[in-house]
Amino acid sequence: MAERSAALFERAKKIMPSGVTSPVRYFEPYPFFVKRADGCHMWDADGKKITDMCCGYGALLLGHRRKEIIRAVEAQLGRGTLYCAPTDAESELAEMIISRYPSVEMVRLVNTGGEATMTAVRLARGYTGRSKVLKFEGCYHGAHDSVLVGAGSGAAHYGVPASAGVPKSVSRDTMVAEYNDSGAAESIIERHADEIACVIVEPVMANMGLIPPEPGFLRRLRKVTRDNGILLAFDEVVTGFRVAPGGAQQHYNVSPDITTMAKAMSNGFGIAAVGGKKRIMRELAPSGPVYQASTFAGNPLAVSAAVASLRVMDRLGGAMYERLDRNSRHIADAVEDAASSYGIPHVTNRVGSMMQVFFTDQRKVGSSADALRCNREKFQILCRTMLKKRVFVAPSQFEVAFLSDAHGSRDVERVADAYGAGLRAVRDNGKD
Ligand SMILES: Cc1ncc(COP(=O)(O)O)c(C=O)c1O
């Protein structure tokens, strides 16, 4: 697609593994290199304008360079970038989170989603005095040892759901059940009740394509964990603030013990959070024995971005979520119409501003096993064709297409048209 990107990639490959800084950024024959971004667009190294449907893997709920956020960060730049001492802005952010998440009474700010889930798991282990963790096949919770078992996202894409380098002594404490199979989770819990510290789950699985929870799944997890003194951790790194102001727990009305959040919270800056009830959170050092620390935690730039992001979301209110839902429904309907008229067996899953299309004869895609049975070559044809039409959808079946508030009606039409072209190419087996 872009000559300059090809040349830049040659240089990058020599000095960075696969030429990228995170696995899913790699794709064949080479990824496009980005020069700048604004609103719902990015410009590649050749100056071509691309409509972004990856949106920082969900982080850019308000679009690139949202002016209120840029202003807040610029103001903070004038006051300093790192203090390693408390700021009132951290408390403001914590209060904003707590006011949106009734299950959260205290917050620890960290830097990344992975750091948040690592802290959540350690906290659960420290709080319960138990060591096992139950997770779900295809859920991705970051790149740390306890959760790199049956992992989705890039780990599934590259066929390494259990990573080399994770000691067996660690991974044997991580048990895995199929997503949406609460019976399987209950029977594992029955056998290991006294050993399990937490059940960690993406309340909407967004790392195996998009897989919504089936009615009752989250509620049954809530009951069985409560009945057995196990903590329920919702990993809302993707869904937090995106599915609703109070995340998927608000949308599905299920209250976890621990919540992790990141991405949309700061609209593109490195910050994440772990939250929960006071009795659990107080176990963190220095008030408690569970150690967790970071130089950059609560750094004022990221905190100012997060506070500004949440203020914008407050101002836009429910109308933003309704608009996002309407726009993504419009795209999903266009996908349905095109795929059906071309006779392409498929399933489209959608929750609010997140969607994914799967090429399959199955009636539904409700689990990691279902997603693995879908035709991934066809998905690659779809993404490659869409990119030729200058619409960027994350180039993996196991990621998700994300809409932002910056996508206007013309952008939404452009995306719908690009899906149409991509589906025509799928019908024609890659010839467009
Ligand atoms: C649900 C979920 N949890 C955790 C993570 C890890 O977040 P990070 O990449 O910021 O470490 C991700 C990343 O995509 C995620 O999707």
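1. Two strands pair if DSSP finds at least two bridges between them. Strands here are DSSP runs of E with at least two residues, and helices are runs of H or I with at least four, numbered from the N terminus. By these terms, β1 and strand β2 (residues 41–44) run antiparallel and are joined by four bridges. One of the residue pairs is aspartate 38 with its bridge partner in β2, histidine 41.

2. The model is predicted: local features need pLDDT of at least 70, side-chain atom pairs count only at pLDDT 80 or more, and totals for chains, interfaces and linings use all residues. Residues are numbered from 1 along each chain as its sequence is written, and side-chain values use heavy atoms, with hydrogens and water left out.

3. β1 and β2 belong to an open sheet of four strands with mixed pairing, in the order β1-β2-β3-β13. Its edge strands, each pairing on one side only, are β1 (34–38) and β13 (391–392).

4. A polar backbone atom of glycine 113 is 2.8 Å from an oxygen atom of the ligand, and one of glycine 114 is 2.7 Å from an oxygen atom of the ligand. From asparagine 207, a polar side-chain atom lies 2.9 Å from a ligand oxygen. On its own the ligand has 390 Å² of accessible area, of which the protein covers 79% (Shrake-Rupley method, 1.4 Å probe).

5. In helix α1 (residues 3–15), Ser5, Phe9 and Ala12 are buried. Buried means under 20% relative accessible area, exposed over 50%, and partly exposed in between, with a 1.4 Å probe and protein chains only. Seen down the axis of α1, the buried residues fall within an arc of 65°, so they line one face of the helix; the arc is that of the directions from the helix axis to the C-beta atoms. Glu3, Arg11 and Lys14 are exposed on the other side of α1.

6. Methionine 106 is in strand β4 (residues 106–110). Its relative accessible area is 28%, so methionine 106 is partly exposed. Methionine 106 and valine 415 are 309 residues apart in sequence and, C-alpha to C-alpha, 40 Å apart in space.

How values were computed: A polar contact is a pair of N or O atoms within 3.5 Å; within protein, one must be able to donate a hydrogen and the other to accept it, and residues adjacent in sequence count only if both atoms are side-chain atoms.
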